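Hi everyone, thanks for making time this morning. Let me put the structure up on the screen, and then we can walk through it together.

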Amino acid sequence: MNSDEIKLDITDQISKTNKSLSGFWGSPSFKDILEEDFDLLKKVQKKVERYYNMQLVLSVLLSGIFLLILLLNSLEIVHKDLNNAGLLILFIITSLLGFYRYYKIKVNLEHKIYLLGLRNKIESE
């Protein structure tokens with residue numbers, strides 16, 4: 001393969017990544033995610049990484065609270081009707097969906113940054 005074919009393949013992969021990034025929930029909140037400016041994408045990546053970590057902590061905390069309530073209820077230490085825990089379950093599902101969303105955006109953004117760096121290296125040679 002010559003370098004032109006490789007650059008064309010990388011450009012094709014970048015366009016596929018852009019399509020997958022534009023299809024995720026709320027990716028318009030990161031307006032610069034579809035740009036091809038390397039420095040701008042690095043800034044967006046830091047922002048996505050921060051949101052990803054916040055969603056991870058929130059998901060773990062809410063899941064831990066829910067498991068603690070289930071444990072206390074099963075050991076009959078606290079006699080709490082679990083139907084009242086429906087709101088907590090809703091928050092857990094919402095936080096897990098948010099976690100999944102930011103995970104997919106983070107992974108695809110890392111993939112795009114890697115491909116852009118690779119294409120820039122090939123073009124500079």
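So, this is a predicted model, and I'd like to begin with its aromatic rings: there are three aromatic pairs in the structure. Take Y51 and Y102, whose rings form a tilted pair, 5.6 Å centre to centre with 35 degrees between the planes. Y51 sits in helix α2 and Y102 in helix α3, residues 86-124, so this pair ties together parts that are 51 residues apart in sequence. Is Y102 buried or exposed? Y102 is buried, at a relative accessible area of 10%, while Y51 is partly exposed at 28%.

Now look at Y52 and Y103. Their ring centres are 6.3 Å apart and the planes meet at 35 degrees, so this pair is tilted. Again distant parts of the chain are linked, with Y52 in helix α2 and Y103 in helix α3, 51 residues apart. Here Y52 is buried, with a relative accessible area of 12%, and Y103 is partly exposed at 35%. Together with F99, Y52 and Y103 make up one aromatic cluster.

L68, L71, L75 and I77 make a nonpolar patch of about 410 Å². L71 belongs to helix α2 and is partly exposed, at 45% relative accessibility. There is also a negative patch, formed by D32, E35, D37 and D39. Of these, D39 is found in helix α2, and its 54% relative accessibility makes it exposed.

One last stop, please: G23, in the loop between α1 (3-22) and α2 (38-74). G23 counts as exposed, at 59% relative accessibility. G23 and I105 are 82 residues apart in sequence, and their C-alpha atoms are 9.9 Å apart in space.

Terms used:
Residues are numbered from 1 along each chain as its sequence is written. This is a predicted model: local features need pLDDT of at least 70, side-chain atom pairs count only at pLDDT 80 or more; totals for chains, interfaces and linings use all residues. Side-chain values use heavy atoms; hydrogens and water are left out. Helices (H or I, at least four residues) and strands (E, at least two) are DSSP runs, numbered from the N terminus. Buried means under 20% relative accessible area, exposed over 50%, partly exposed in between (1.4 Å probe, protein chains only). Patches are made of residues with over 30% relative accessible area and no salt bridge: like charges are joined within 9 Å, nonpolar side chains (Val, Leu, Ile, Met, Phe, Trp, Tyr) within 5 Å. Accessible areas come from the Shrake-Rupley method with a 1.4 Å probe; for residues, only the protein chains shown count as cover. A salt bridge is a side-chain nitrogen of Lys or Arg within 4 Å of a carboxyl oxygen of Asp or Glu. Lys and Arg count as positive and Asp and Glu as negative; His and the chain ends are not counted. The place of a charge is taken as NZ of Lys, CZ of Arg, CG of Asp or CD of Glu. Rings of Phe, Tyr and Trp (its six-membered ring) pair if their centres lie within 6.5 Å; planes under 30 degrees apart count as stacked, over 60 as edge-to-face and the rest as tilted.
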